[in-house]
Amino acid sequence: MSEPEIKDPILRTEYLCKHFGGLQATHEVSLSFERGKVHGILGPNGAGKTTLINLLSGELIPSSGKIFFKEYDITAATPDKVSRIGIGRSFQKTNIFPQFTCFQNCWVGAQSRLPSSMRFFRPARHLREVHRRTDRALELCGLSARRNTPAAAMSYGEQRQLELGMMLATEPELLLLDEPLAGMGSEESAQMTALLRELAREHTLILVEHDMDAVFALADRLTVMVEGAELETGPVEQIRNSQAVQEAYLGDSEEAA
Ligand SMILES: Nc1ncnc2c1ncn2[C@@H]1O[C@H](COP(=O)(O)OP(=O)(O)OP(=O)(O)O)[C@@H](O)[C@H]1O
Ligand SMILES: [Mg+2]
């Protein structure tokens, strides 16, 4: 069951399918994501959430179906192309360089995605631009004060913030976030939730997360996936009160109470 179409979505999928052999990891998923909003994706383990994120980010090529970012068809785009076009992603597991400082980690992100037009500028100008993006990313992920600290010396929560920083250094418009709160204690979760709320002011977020409190607090709209398919999409209150969702997913969890 879907809501009416969103006008001018920043990202949209049409009947997106990904099969692994006989397994349908995502099945005919057609979703529209509204610019500037937080769209949460919920679903039990194995529902196809990470597969969907991997399809959107170019890590996986769909078996069938289409993906559009703004007016561009990015169905067959590589991760590099997807990143350059303005879509950043975080991984379910931490993906940073432990021996590098925060500054160096973000520098890697900034450097990797500088538009090819920058290559024609003088090296000094190129470096200034990378530096600017790195500083901005550190500020956005809340780690300016930790710029010279090696990633390995920081807490798990800070490492996940740094991972966001690496992504932000690519200056994305849309962030694909796969379980940014995974493995965090309550204090770290609260800090990350506040950070995501801050990022949502200037970005579109697609947020896969098992932490219901955080998703309900952050999201404007929610999609629930079950066995690869979209079960229901709608505003948070609709999903919270949905009989179908409660039966299929929330029914067993105390958060549904
Ligand atoms: N590369 C792969 N090869 C084969 N099967 C896969 C592959 N990736 C995912 N799957 C399968 O596809 C289904 C969906 O997996 P996916 O990782 O997308 O689920 P998820 O909703 O992200 O689950 P979780 O909440 O546990 O992270 C699962 O049955 C999984 O085993
Ligand atoms: Mg997953």
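Guide: What follows is a close look at one strand and its surroundings.

First, some ground rules. This is a predicted model, in which local features need pLDDT of at least 70 and side-chain atom pairs count only at pLDDT 80 or more, while totals for chains, interfaces and linings use all residues. Residues are numbered from 1 along each chain as its sequence is written, chains are lettered from A and ligands numbered from 1 in the order in which they are written, and side-chain values use heavy atoms, with hydrogens and water left out.

Our strand is β8, residues 174-178. β8 is largely enclosed by the rest of the structure, because 5 of its 5 residues are buried. Here buried means under 20% relative accessible area, exposed over 50%, and partly exposed in between, with a 1.4 Å probe and protein chains only. Follow the side chains and you will see L174, L176 and D178 pointing one way, with L175 and L177 pointing the other.

Two strands count as paired if DSSP finds at least two bridges between them. On one flank, β8 pairs in the parallel sense with β9 (residues 204-208) over 5 bridges, and L175 stands opposite L205 there. β8 also runs parallel to β7, joined by 4 bridges. In that pairing I87 faces L174, and R89 faces L176. Helix α5 (residues 156-168) packs on the sheet here, touching β7 and β8, and its direction makes about 150° with that of β8. Such angles run from 0 to 180 degrees between N-to-C directions of lines fitted to C-alpha atoms, for helices over the stretch in contact.

Zoom out, and these strands belong to an open sheet of 6 strands in the order β7-β8-β9-β4-β10-β11, with mixed pairing. Its edges are β7 (87-90) and β11 (229-235), each of which pairs on one side only. Ignoring direction, neighbouring strands of the sheet are turned by 15° against each other on average.

Next, look closely at L177. Leaving aside residues up to four places away in sequence, L177 touches S90, L164, M167, L196, L205, I206, L207 and V208. Contact here means heavy atoms within 4.5 Å. L177 is also one of the residues with the most contacts inside the largest nonpolar core, which has 44 residues; the others are L162, L164, L196 and L222. This core draws at least three residues from each of domain 1 and domain 2. Apart from it lies another core, of 25 residues, among them F33, I53, I74 and V82. A nonpolar core is a set of buried Ala, Val, Leu, Ile, Met, Phe, Trp, Tyr and Cys residues joined through side-chain atoms within 4.5 Å.

That brings us to the domains, whose bounds come from an automatic or database domain assignment. The chain is divided into domain 1 (1-86 + 174-257) and domain 2 (95-171). Their C-alpha centres lie 26 Å apart, and the contact takes 19 residues from domain 1 and 16 residues from domain 2.

Finally, the whole chain. Of its 257 residues, 51% are buried. Among contacts between residues at least 6 apart in sequence, 66% join residues at least 24 apart. The C-alpha atoms fill a box of roughly 60 × 40 × 35 Å along the principal axes. The radius of gyration is 18 Å, which agrees with the value near 18 Å for a compact globule of 257 residues; this radius is taken over C-alpha atoms, and the globule rule is 2.2 Å times the number of residues to the power 0.38.

Notes: Helices (H or I, at least four residues) and strands (E, at least two) are DSSP runs, numbered from the N terminus.
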